[in-house]
Amino acid sequence: TLRRIPWYQNGRGVTFIDPCALQMKWSTLQCFSQTLSDVWLLLPIEAMRRVLAKESMPTGALARTLDEFFGSSDWRSLYLDSAENQLSLFDDLNERALRREEGDRAIVAYAETRLNLIFSKVLEPAYLRKENGVAKFLLYPLISNHNKRAIEVASRIAMDLVSKINRGC
């Protein structure tokens, strides 16, 4: 566990988290958010896009994986009733057609909302794209330190690095 690491309570550091697809648990991020470590999280947006299919809400094992990854089942709010599938008095509620909004905007906004619950500061991510320009990963700088000066310094450094990555430098 993290508590066995000598710097866990008092030390400062930089931690890189590169989850294998969606196998990371939210509790891991919560542990790091309680340290003085700056965290760089490689968020697998491509894997999230694949699992959070546009046409249907994940169920079973996929739903449980998302619950553990986000630390909540609130991700289900990404799915909305289709306008053309208005329920009638005789429709089965369980057969309601749900769709996710096109693109990544809602997924990214949801992930950022969750991260902002546990970190002092969540900065704009660097977009790591495939050759066709589609984002494969988002590299998020996350600051757990609550000290105002530490947040300013870490933010300045992180924003400089993110802007260079996004420009392709």
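## A look inside the packing

Val51 lies in helix H2, and it makes a handy starting point for a tour of this predicted model.

**Around Val51**

- Val51 has a relative accessible area of 18%, so it counts as buried, the cut-off being under 20%.
- Leaving aside residues up to four places away in sequence, Val51 touches Leu22, Pro58, Leu62, Leu66 and Tyr79.
- One of these contacts is Leu66; the C-alpha atoms of Val51 and Leu66 are 8.5 Å apart in space, while the two residues are 15 residues apart in sequence.

**The nonpolar cores**

- The largest nonpolar core has 34 residues, and those that touch the most other members are Leu29, Leu41, Met48, Trp75, Leu115 and Tyr140.
- Two or more residues of this core come from each of helix H1 (26–33), strand S2 (36–43), helix H2 (45–51), H3, H4 and strand S7 (135–143).
- H4 gives the largest share of this core, with 7 residues.
- Leu115 is in contact with Trp26, Leu29, Leu41, Val122, Tyr140 and Leu142, again not counting residues up to four places away in sequence.
- Another core, of 10 residues, lies apart from the largest one, and its members include Trp40, Leu139, Ile143 and Ala158.

**The aromatic residues**

- Phe70 belongs to helix H3 (residues 60–70) and Tyr110 to helix H4 (residues 105–118), so their pair ties together parts that are 40 residues apart in sequence.
- Phe69 and Phe70 are both buried, and Tyr110 is buried as well.
- Together, Phe69, Phe70 and Tyr110 make up one aromatic cluster.

**A charge over a ring**

- Arg114 places its charged end over the ring of Trp26, at 4.8 Å from the ring centre.

Methods: Residues are numbered from 1 along each chain as its sequence is written. This is a predicted model: local features need pLDDT of at least 70, side-chain atom pairs count only at pLDDT 80 or more; totals for chains, interfaces and linings use all residues. Side-chain values use heavy atoms; hydrogens and water are left out. Buried means under 20% relative accessible area, exposed over 50%, partly exposed in between (1.4 Å probe, protein chains only). Helices (H or I, at least four residues) and strands (E, at least two) are DSSP runs, numbered from the N terminus. Rings of Phe, Tyr and Trp (its six-membered ring) pair if their centres lie within 6.5 Å; planes under 30 degrees apart count as stacked, over 60 as edge-to-face and the rest as tilted. A charge sits over a ring if NZ of Lys or CZ of Arg is within 6 Å of the ring centre and within 35 degrees of the ring normal. A nonpolar core is a set of buried Ala, Val, Leu, Ile, Met, Phe, Trp, Tyr and Cys residues joined through side-chain atoms within 4.5 Å. Contact means heavy atoms within 4.5 Å.
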